[in-house]
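I have one structure to walk you through, so let me put it up on the screen.

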Amino acid sequence: QVQLVESGGGLVQAGGSLRLSCVVSGSFFSIDTMAWYRQAPGKQRELVASITYSSSTNYADSVKGRFTISRDNAGNTMYLQMNNLKPDDTAVYFCNARVRALPAIIYDNYWGQGTQVTVSS
């Protein structure tokens, strides 16, 4: 069983910062690409940023220059540093990871339960 648990969400004023964390736990062999997605009320879930095992990163245009994704492979943890937050960043943020769970031989997609980020104007 593989679990992804996010933390770090909350309420912040526009221009403020938050740091999200996602920890992968359970029985698994390895973690491939990890990513943060978000979903605002009435909108589709969208990719915010992704990071490969070797730490190559990709960002949505709307967060470039403000958000930084990183990971600690030894600790099975991914982070999202969010600076200069805007009201439009308000959403539930989800952790996603491609994990090779034991005893599988392929990678499957796993999701966390989400953490709420609210940015007030």
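Let's begin with the rings: the structure holds one aromatic pair. Please keep in mind that this is a predicted model.

Staying with aromatic side chains, there are two places where an arginine sits over a ring. Arg45 lies over the face of Phe94, and its distance from the ring centre is 3.7 Å. Arg100 does likewise with Phe29, at 4.4 Å from the ring centre.

Which residues have the most contacts inside the largest nonpolar core? They are Trp36, Leu80, Met82 and Tyr93, in a core of 32 residues. Two or more residues each come from β1, β3, β4 (28–39), β5 (46–51), β7, β8 (77–82), β9 (91–101) and β11 (115–120). The largest share, six residues, is given by β9.

Four strands form an open sheet in the order β1-β3-β8-β7, paired antiparallel. At the edges are β1 (2–7) and β7 (67–72), each pairing on one side only. From one strand to the next, the twist averages 15 degrees. If you look at β1 and β3 (residues 18–26), you'll find six bridges joining these antiparallel strands. Within β3, Val23 is the residue that stands opposite Val5.

That's my tour, and I'm happy to take questions.

Conventions: Residues numbered from 1 in each chain as written. Predicted model: local features only at pLDDT ≥ 70, side-chain atom pairs only at ≥ 80, totals over all residues. Heavy atoms only, no water. Pairing = 2+ DSSP bridges. Axes fitted to C-alpha atoms, helices over the stretch in contact; angles between N-to-C directions. Core = buried A, V, L, I, M, F, W, Y, C linked by side-chain atoms within 4.5 Å. Buried < 20%, exposed > 50% of the residue type's maximum accessible area, 1.4 Å probe, protein only. Phe/Tyr/Trp six-rings, centres within 6.5 Å; stacked < 30°, edge-to-face > 60°. Lys NZ or Arg CZ within 6 Å of the ring centre and 35° of its normal.
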